Amino acid sequence: MSSKEAAPRRRNPRGQGQALKAELVEAAARLLATLERPETLTLRQVAREVGVAPASIYGHFPDLGALVQHVLRLRYDELAAVMRTAADGAEGPLADLVARCAAYVHWGVDHPGQYRTLFGGGMPAELVPTNAHGAGEELLGSVVASLAGARQDQPERQDRRKRQGRRGPEQEWQAGLLLWTALHGLVALYNAHGNMPWPDITDLIAQTVALHTGRPVDEIMELARTADRPT
């Protein structure tokens with residue numbers, strides 16, 4: 001049912017205000033994921049989608065920014081949980097990294113609207129300040145730590161590190177950031193130009209991780225093919 005066709009909503013019985021809050025969050029998340037220009041979202045649109053008066057929203061969120069930021073936190077938590085779940089039971093640091101990267105890319109490709117909500121940009125700074133994306137630090141942190149573990153789990157690199165000195169935290173952070181940037185570019189381009197004759201997405205994931213780890217593509221491909229695809 002579109003926002004224009006939303007039927008008037010019945011008032012929640014006393015004590016069921018949290019049900020309305022959940023509906024507001026769900027409606028805002030749906031609109032952010034589907035509007036051609038999500039930066040134009042208004043409280044009136046959210047209220048219409050749920051079937052309540054705009055004033056009803058203020059009992060749960062002081063303004064539109066608070067509602068949008070709540071949606072962002074939920075989405076970040078969802079993606080972080082998907083990546084953690086994918087890595088559960090991974091046999092070794094490289095398998096952990098591949099599982100996390102594969103989960104990230106598959107989630108972004110399978111949920112383009114939700115992915116755009118997190119990383120599409122375009123939202124006014126006064127509505128969504130930079131610190132509203134702080135929950136995304138867990139995603140980057142997990143990639144940084146997992147990549148560092150995969151790099152350390154290589155005898156030839158261990159010998160090289162002994163000669164050249166151990167990589168510092170800043171270098172590890174930059175390496176993880178570059179890998180995340182590559183994954184984001186893959187998802188963003190795939191979603192924006194899905195009609196192109198793209199290679200198999202799993203092959204692209206394996207190639208990307210291989211470039212950032214120095215491990216053989218075939219080894220990573222085998223791990224990527226066995227990684228669970230999030231639903």
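**View A. Helices H3 and H4 make a right-handed crossing.** A crossing counts as right-handed if the near helix is turned clockwise from the far one by less than a right angle. This is a predicted model, in which local features need pLDDT of at least 70 and side-chain atom pairs count only at pLDDT 80 or more, while totals for chains, interfaces and linings use all residues. Residues are numbered from 1 along each chain, and side-chain values use heavy atoms, without hydrogens and water. The axes (lines fitted to C-alpha atoms over the stretch in contact, with angles from 0 to 180 degrees between N-to-C directions) of H3 (residues 64-87) and H4 (residues 93-110) come within 8 Å and cross at roughly 140°.

**View B. Residues of H3 meet residues of H4.** Contact means heavy atoms within 4.5 Å. Arg75, Glu78, Leu79, Val82, Met83, Arg84, Ala86 and Ala87 of H3 meet Asp96, Ala99, Arg100, Ala103, Tyr104 and Trp107 of H4. By class, 9 residues are nonpolar, 5 are charged and none is polar.

**View C. Helix H8 (residues 169-192) has buried residues covered by other helices.** Ala175, Gly176, Leu179, Trp180, Leu183, Leu186 and Val187 are buried (under 20% relative accessible area, 1.4 Å probe, protein chains only). Their cover includes H4, H5 (112-119), H6 (137-152) and H9.

**View D. Helix H9 (residues 201-213) is largely enclosed by the rest of the structure, because 10 of its 13 residues are buried.** Among them are Ile201, Leu204, Ile205, Val209 and His212.

Definitions and conventions
Helices (H or I, at least four residues) and strands (E, at least two) are DSSP runs, numbered from the N terminus. Ala, Val, Leu, Ile, Met, Phe, Trp, Tyr, Cys and Pro count as nonpolar, Asp, Glu, Lys and Arg as charged, and the others, Gly among them, as polar. Buried means under 20% relative accessible area, exposed over 50%, partly exposed in between (1.4 Å probe, protein chains only).
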